[in-house]
Amino acid sequence: FEGQGRGVWRYRSALPFEEGVSLPEGGTPLHEAPRLREDIDVNTLRIKHEGMNPTGSFKDRGMTVGVRVAKELGVDRLACASTGNTSAALAAYGARGGMQTLVLLPSGKVAAGKIAQAALHDARILEVDGNFDSCLDIVQDLAERGEVYLLNSLNPFRLEGQKTIGLEILEEFRDDYDRFPDRIVLPVGNAGNTAALYKAFRELVQSGSLDPENVPKLTGVQAEGAAPMVEAVENGWEDTERWDEVETRATAIRIGNPVNAPKALPGIRQTNGTAVAVSDAEITSAQRDLAREGIGVEPASAASVAGLRKLRSDGVVDADEDVVCLTTGHLLKDPDAAFEAGNEPEPVANSTEAVLDHIGST
Ligand code: F0G
């Protein structure tokens, strides 16, 4: 853990370069959430809020490395398929690096904030009449034909940067409590983060910085309407089967073919973790719970807390566990979802009397 500075590049000794195309990223808060902790009933609950990165999601950690590689290679057109956040991060980091970006989005299924970011950061945006998985098929074809440089999490350099989520969590948790967390709960879409965290832990064990028995249990959460990883775990750790029909309010993880599953499933299994599916109603309620602790996240992010609640009430997670939940994206990414889950604005006439009448005197 001995690095200098803050954020992703503090961990440069674990990364392929000394520096990247940077905005800069990482160094996100590890919030306490005391009411939620008590309500869910675990020993410790901390929320690693990745929505506090420069473009509002963890994707920035991968892009700082991935776009640096693209620069090194001298490619000029960067591309990704995206449920939104990857496209926002690619557009911003591509712009920073002075390169053209092309993003393929599933039409009608990307939250407004994310498209706005891609647009303003000068990405060329193609809205494909299909879901995320078909967008990724197309971008992979384009990359194989040499037309674009692929910056989805299939690109291993992205995952190198995302390893730093795990490094930061362990370092900060150890500094606060003098021990490591028992479990890290995270939302799963393409399973890139799950794979990246597992790689970070393996490297720490190999270098002697982490005892194998202290490796946190990787615990993945998917939406019920898009849960091929959960299905694979429940079917005895089989390979994932592609779901052609997917649906969830958590559009960031509306994914039927998690391309990093071969790297992520062993991570969940070897760390004695598990995977669980949650309903959209459970996601919304967790999003509200977090917001009422002052932590504003998008729906996919709240899946981690919804999953923890479920696993705790099913007795899979014990009351004595130290848990970190990862929240992957910021509330402002998906304003429509926030309006749906939050309070209705109340119209009122233009006078103090009218306002007081409306709210009632204390
Ligand atoms: N949470 C958010 C907010 C995301 O945007 C994503 C993935 C995930 C979780 C899942 O992470 O793929 O590492 O398991 N979003 C991608 C995108 C697919 O295009 O923005 P994963």
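Mentor: Domain 1 (8-56 + 156-341) and domain 2 (59-150) both contribute residues to the shell around the ligand, so the ligand lies between them. The domain bounds come from an automatic or database domain assignment. Please bear in mind that this is a predicted model, in which local features need pLDDT of at least 70, side-chain atom pairs count only at pLDDT 80 or more, and totals for chains, interfaces and linings use all residues. Residues are numbered from 1 along each chain as its sequence is written.

Let us begin with the shell itself. There are 22 residues around the ligand, and those that come nearest are Gly-189, Asn-190, Gly-192, Thr-328 and Gly-329; a residue is near a molecule or strand if its C-beta atom, placed from the backbone, lies within 6 Å of it. At least two shell residues come from each of the helices α3 (85-97), α7 (192-206) and α11 (299-313). Helices (H or I, at least four residues) and strands (E, at least two) are DSSP runs, numbered from the N terminus.

We may now turn to the two domains. Their centres, taken over C-alpha atoms, are separated by 22 Å. Across the boundary, 39 residues of domain 1 are in contact with 30 residues of domain 2, where contact requires that the C-beta atoms, placed from the backbone, lie within 7 Å. On the side of domain 1 that touches domain 2, α6 (156-177) and α12 (335-341) are the elements that give two or more residues. The most come from α6, with eight residues. That side of domain 1 comprises 17 nonpolar, 13 polar and nine charged residues.

Finally, consider the sheet. Its six strands form an open, mixed arrangement in the order β1-β2-β10-β7-β8-β9; two strands pair if DSSP finds at least two bridges between them. Strands β7 (residues 183-187) and β10 (residues 322-327) run parallel and are joined by three bridges. Within this pair, Val-185 stands opposite Cys-325 in β10. Helix α7 lies across β7 and β8 (217-223), at about 175° to β8. Such angles run from 0 to 180 degrees between N-to-C directions, and axes are lines fitted to C-alpha atoms, for helices over the stretch in contact.

Key:
Two residues are in contact if their C-beta atoms, placed from the backbone, lie within 7 Å. Ala, Val, Leu, Ile, Met, Phe, Trp, Tyr, Cys and Pro count as nonpolar, Asp, Glu, Lys and Arg as charged, and the others, Gly among them, as polar.
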